[in-house]
Amino acid sequence: MHCVPPVIRVVDVSKEYMASKGALKVVDDANLDVEKGAFVTLIGPSGCGKSTLLNMIGGLISPTTGTIYIDDEEVKGPKPDKIAMVFQDPSLYPWRTVQKNVEFGLEVRGVPQSERKSRASKYLKLVGLEAFSHYYPTQISGGMQQRVSVARALALEPEVLLMDEPFGALDEQSRISLGAELTEIWRKTGKTIVFVTHSLLEAANLATHVAVMSARPGSIIDFFSIEAEWPRFPEDPEIVEARKRMWSHINLQSIKQAETLSTADNDNVPR
Ligand SMILES: Nc1ncnc2c1ncn2[C@@H]1O[C@H](COP(=O)(O)OP(=O)(O)OP(=O)(O)O)[C@@H](O)[C@H]1O
Ligand SMILES: [Mg+2]
């Protein structure tokens, strides 16, 4: 067993939102430890609270009860020096070039121009876009835009990278190749990553650890490691086993969720 101290600790965390017919419990007593350098994929049925949990870890919203720690320090708001987030939508500034988009967060932090330039170039190279630094977002493909948003997050040189279905809008081929690039980057930079996905194959291919959430209100119902080497192959017995394990949870949780939804307020239907 490893003895690496956790970078992220989610301790007894619950979250309730106010909905039209009272409080809606979305996360229920979630617990999760993420060790330094881990690549954790977070899966669970739609609407179970994955984004809510990720946004709480990132300090964008606060838990109703329970505590989240990053490096033993309680998260009470965003920690831009330690945590960067990548969302499903690359949300680049259309009037800024690729290079200037990657530099943006560094500008906000007051990083001097020469360092901004060199850092942006370094990370654009890492995601294979150095030749496109002077292009505008509308001039590159969706997959390339998503790489820019990954470079933008990496350029902040955060200890922790939180990614919410970053490749969800892409076709399967782009998804697989970006996933492979991301694992390369992760191995080179040693970041701690939490990555939300709907794809069991993606979850198994990328992760050192898989966290499975129950149907809403979500809690972590399974957490296991995958030790297979990279590059990984879908037919590797350990990958097959991991996908079966995830599938059995998701199948059961989806049935539970369908039962809950059939009696739920329409306002609470997951997005
Ligand atoms: N700000 C909010 N106010 C009220 N309810 C919310 C809010 N944000 C999310 N919810 C509800 O909380 C539940 C969980 O949402 P969340 O986005 O965390 O789920 P998810 O697991 O990320 O879903 P998906 O897989 O579809 O992305 C949903 O029912 C959603 O409608
Ligand atoms: Mg979500």
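**Between the domains**

Guide: Across the interface of domain 1 and domain 2 there is 1 salt bridge by the rule used. Keep in mind that this is a predicted model.

Visitor: Which residue does glutamate 181 pair with in a salt bridge?

Guide: Its partner is arginine 147, and the closest N and O atoms are 3.5 Å apart.

Visitor: And where do domain 1 and domain 2 run in the chain?

Guide: The domain assignment gives 1–82 + 169–264 for domain 1 and 88–157 for domain 2. The contact takes 11 residues from each of domain 1 and domain 2.

Visitor: How much area is buried between domain 1 and domain 2?

Guide: About 870 Å², with carbon and sulfur atoms giving 68% of that. On the domain 1 side, Leu178, Ile185 and Lys191 supply 43% of the area buried against domain 2, more than any other three residues.

Visitor: How many residue pairs are in polar contact between domain 1 and domain 2?

Guide: The count is 2. As for the side of domain 1 that touches domain 2, its residues split into 6 nonpolar, 1 polar and 4 charged.

Visitor: Switching topic: is alanine 38 buried or exposed?

Guide: Alanine 38 counts as buried because its relative accessibility is 2%, and the cut-off for buried is under 20%. You'll find alanine 38 in the loop between β2 (22–35) and β3 (39–43).

Visitor: What does alanine 38 touch, leaving out residues up to four places away in sequence?

Guide: Trp186, Lys191, Thr192, Ile193, Thr208 and His209. Threonine 192 is 154 residues from alanine 38 in sequence, yet their C-alpha atoms are 5.1 Å apart.

Notes:
Residues are numbered from 1 along each chain as its sequence is written. Chains are lettered from A and ligands numbered from 1 in the order in which they are written. This is a predicted model: local features need pLDDT of at least 70, side-chain atom pairs count only at pLDDT 80 or more; totals for chains, interfaces and linings use all residues. Side-chain values use heavy atoms; hydrogens and water are left out. Helices (H or I, at least four residues) and strands (E, at least two) are DSSP runs, numbered from the N terminus. Buried means under 20% relative accessible area, exposed over 50%, partly exposed in between (1.4 Å probe, protein chains only). Contact means heavy atoms within 4.5 Å. Domain bounds come from an automatic or database domain assignment. Buried area is the accessible area (1.4 Å probe) that two parts lose on being put together, summed over both. A salt bridge is a side-chain nitrogen of Lys or Arg within 4 Å of a carboxyl oxygen of Asp or Glu. A polar contact is a pair of N or O atoms within 3.5 Å; within protein, one must be able to donate a hydrogen and the other to accept it, and residues adjacent in sequence count only if both atoms are side-chain atoms. Ala, Val, Leu, Ile, Met, Phe, Trp, Tyr, Cys and Pro count as nonpolar, Asp, Glu, Lys and Arg as charged, and the others, Gly among them, as polar.
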